Amino acid sequence: MGTDLEVPPIYSPFAEAIHPRYQNIDQQTALWAEKFRIGSDELRGRLVRHDIGGFSARILPEGREEVVALLSDFVLWLFGVDDGHCEEGELGRKPGELSGYLSRLLRVAQNPESPLLLDDPLADGLRDLRRRVDRYGTAGQAARWVDALREYFFSVVWESSHRTAGTVPDLDDYTLMRLYDGATSVVLPLLEMGYGYELQPHERDDRRVRAAAELASFIITWDNDIFSYHKEAGGKDDFWLNALRVIEREQGVTPGAALDVAISQRDRATNLFLLLCERLRADASPQLRQYLDSLGSFIRGAQDWGITSVRYTTPHDPARFPDAFRETPVDPSVRPLGIAAVDWWFELV
């Protein structure tokens with residue numbers, strides 16, 4: 001059974017929105033998962049009930065339907081990797097073998113014509129995803145998507161090493177790797193594809209824009225850790241990594257106190273994200289303004305999905321979630337988090 005931890009309403013200053021074709025997109029993703037046999041029959045049966053199409057439709061509420069469908073299929077594919085191999089599969093405790101398998105998958109993403117993993121459902125699905133990335137994106141966006149996949153794969157091998165050893169990392173290391181193993185950075189190129197533009201390098205590589213993207217990843221993954229704590233604490237696996245668990249261990253506090261710390265951290269990150277975006281918009285191109293808006297939609301979409309998807313609400317053992325969000329932060333400051341890998345964000349203001 002999970003914990004009795006009650007999650008209070010969290011701060012969300014972002015508007016709720018969803019693509020009008022969300023139900024159709026979710027149905028298409030279920031068909032796509034079946035076509036490519038993503039995951040075991042049992043895992044696939046679970047994933048298609050998680051409203052992944054609704055999640056993707058919230059991320060790109062006014063985006064091109066074909067790209068929203070691509071994103072939905074891709075998110076389900078990522079869960080096929082994460083749930084099927086990293087958390088529930090044998091490779092999750094064999095980092096060396098996992099690294100080898102993910103390296104072959106990465107090659108498939110780079111070059112779909114490569115004769116690797118020819119009878120592997122995840123590889124077949126990835127070939128289809130890459131062809132669609134090429135169809136709806138530019139060569140540069142496809143390259144950044146592959147680079148982000150590499151970061152994600154690297155981070156799940158790191159997580160596998162901790163799972164194998166039964167160790168919990170410190171907060172500095174956990175925060176850094178969570179930026180990648182949360183699979184948020186792999187979504188970023190699709191934010192551009194969804195609205196048919198490409199950010200110029202001088203905009204995307206601006207330190208403040210990079211910080212805004214990382215802040216969005218931090219908020220999304222911290223929120224996810226808050227919403228998934230109940231499921232993970234009550235899961236079949238005796239090893240799991242989560243921000244609250246890391247804070248509990250590092251600070252020697254109760255789960256409730258760790259939740260308070262995590263909420264303060266994500267509030268301060270949200271405050272900084274809003275401040276950075278406000279300053280960036282002053283002289284931003286229309287494309288950069290759209291990108292910043294999409295980061296906000298990504299954050300809010302993950303929040304709405306987090307409190308409604310059966311992936312986290314676990315109806316068989318109900319999580320205690322809010323049914324709405326706060327309009328003001330619990331912590332209104334922009335104090336640095338005291339986390340070495342990310343405190344540079346706060347130096348920008």
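## Helices and the model

Helices here are DSSP runs of H or I with at least four residues, numbered from the N terminus. Residues are counted from 1 along each chain as its sequence is written, and side-chain values use heavy atoms, with hydrogens and water left out. This is a predicted model, where local features need pLDDT of at least 70, side-chain atom pairs count only at pLDDT 80 or more, and totals for chains, interfaces and linings use all residues.

Let's talk rings: the structure has 13 aromatic pairs. In one of them, the ring centres of Trp 32 and Phe 36 sit 5.1 Å apart with planes at 45 degrees, so this pair is tilted. (Rings of Phe, Tyr and Trp, using its six-membered ring, pair if their centres lie within 6.5 Å; planes under 30 degrees apart are stacked, over 60 edge-to-face, and the rest tilted.)

Both residues belong to helix H1 (residues 22–36), 4 residues apart, or about one turn of the helix. Trp 32 is buried at 8% relative accessible area, and Phe 36 is buried at 14%. Buried means under 20% relative accessible area, with a 1.4 Å probe and protein chains only.

## A pair between two helices

Now for Phe 55 and Trp 305: their ring centres are 4.5 Å apart and their planes at 10 degrees, so they're stacked. Phe 55 is in helix H3 (residues 52–59) and Trp 305 in helix H14 (residues 286–306), so the pair ties together parts 250 residues apart in sequence. Phe 55 is buried at 8%, and Trp 305 is buried at 3%.

Definitions and conventions. Buried means under 20% relative accessible area, exposed over 50%, partly exposed in between (1.4 Å probe, protein chains only).
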